Amino acid sequence: MKTHFTSEVTPELNGKEVVLAGWVWEVRQVGKVKFVVLRDREGFVQITFKPGRTPDELLEAVKELNKEDVIMVKGVVEASRIARAGVEVFPTEMRVLAKAKPLPVDIWQGTSDLPTRLKYRAVDLKSPRNLAIFSAASDALRAIREALYAHKFVEVFTPKIIATSTEGGAELFPVLYFERVAYLAQSPQLYKEQLTASLERVFEIAPAYRAEKHNTDYHLNEFISVDGEAAFFDYRDVMDLLEKIMGAAVSAVARSAERLERWGIRLTLEKVEKIPRVDYDDAVDRLRAMGYDINWGDDLNIEMQRALTKEYGPIYFVVNFPAALRPFYTKRLGDDPRKTESYDLILNGIEVVSGATRIHVREELEREMRGRGLDPAAFESHLSVFDWGMPPHAGFGLGFNRLITALFGLGNVREATLYPRDRYRLEP
Ligand code: AMO
């Protein structure tokens, strides 16, 4: 049994026996001494093979080792002033658990291009840079989940095979569902709204599917969506909550800042306090003043979002979008019904969260559907829920891959996705 991860092998263990397991990162020779750098998920440890001290059969075995062979080593920890981690391990036993051929990806110097890395993704994920990214991403997700629990949200799972569109028809993936056509869910939107009538505050962390044909650095056809929906909240309450959620995520990854920096990743945010809330009208005015060709009613594109970063900082909300830019379930603003109680959260120029106060009155919802050419009859099972005590509610959809991309300044959402699904990529 592996007793320690490499990160746990510290000078305090001096003189103790440990069993380590992992992959051969490199073998170095200095005079008659051989150093095997063992890598595992958490980092590296130097194993020192020294004639006179190391058993002869191990000195022989180490000659046969290749990079990425899987080994298990029993040995004694010694604090060391020379070894990088301040410790080295003198082996007493070693087992080679698997041999490795030369890798198709350069995980050592990082010279392979992204298509090659994604083609051999399981190998690429061995690189210390990827281990740092996905370990920190897991910490961020845990912090988000805990923040939601702390605010009395219940974790739920809703169907991913559904009968009707929620976010617009063109981006649906059809699937054969026995005798009929079904679709992969673009978001849990309608279910999470319905659940506010029972569980009040719900969240879901699950894949969402979008049949978007354009192949950009920010779009995936399958992404991880963190969705939240709460009864008796409006969009301001949700934005307050998102400040807490983002704060928790940023603090969680900040604990790995040193490790990330070692592999060239600099966090774009150090902490989150009050996030500026910029009215859509002001955003449009600012952009026009900067020379952008934008009219009231147009959506903000990524260049515009980036430009506003110069004005409002690395993280800001745009609020109160025109109704035509938002889905049918979005509530209109009381004092300006051309606009809605909606927001986007922009981080490092990328939209990472989107949400709104929702309509909770059936007749209003039906009117919005008809206005968008949708047939309310197709939504009868959803609409009927509104007849039996639907609370006012609001929520958010947070694209987790985009959050990590923006937070780590990765430049391509595929870098923040274990196995990306895009226009031309269905494998691995
Ligand atoms: P929206 O369609 O804006 O809103 O999606 C919410 C968030 O999900 C992420 N996202 C994507 N990430 C990667 N690739 C994509 N193709 C992609 N599309 C969206 C973004 C985006 O901000 N139901 C609403 C949310 C709500 O109102 O609660 C919705 O789905 O980060």
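Which of the 21 residues around the ligand come nearest? In this model, which is a predicted one, they are Glu167, Gln189, Lys192, Glu351 and Arg358.

For Arg402, the atom in question is an N or O of the side chain, and it sits 3.4 Å from a nitrogen atom of the ligand. As for how much of the ligand is covered, the ligand taken alone exposes 620 Å², and the protein buries 92% of that.

Now the helices. Two packed helices are described by the angle between their axes and by the distance between those axes. Here the pair is α8, residues 280–289, and α9, residues 302–312. Their angle is about 95°, and the axes are 10 Å apart. An angle from 65 to 115 degrees counts as roughly perpendicular, so α8 is roughly perpendicular to α9.

Which residues meet there? From α8 they are Asp282, Ala283, Arg286 and Leu287. On the α9 side they are Met304, Ala307, Leu308, Glu311 and Tyr312. By type, this contact has six nonpolar residues, three charged and no polar ones.

Last, the backbone. Glu68 is not a glycine, yet it has a positive phi of about 75°. Its place is the loop between α1 (56–63) and β4 (70–79). The other detail is a cis peptide bond, from Glu427 to Pro428, with omega near -5°. Pro428 belongs to the segment after α12, which covers 400–408.

Notes
Residues numbered from 1 in each chain as written. Predicted model: local features only at pLDDT ≥ 70, side-chain atom pairs only at ≥ 80, totals over all residues. Heavy atoms only, no water. Axes fitted to C-alpha atoms, helices over the stretch in contact; angles between N-to-C directions. Helix = DSSP H or I, 4+ residues; strand = E, 2+ residues; numbered from the N terminus. Parallel < 35°, antiparallel > 145°, perpendicular 65-115°, else oblique. Contact = heavy atoms within 4.5 Å. Nonpolar A, V, L, I, M, F, W, Y, C, P; charged D, E, K, R; others polar. Near = heavy atom within 4 Å. Polar contact = N/O pair within 3.5 Å; in protein donor to acceptor, adjacent residues only side chain to side chain. Areas by Shrake-Rupley, 256 points an atom, 1.4 Å probe, with all protein chains shown as cover.
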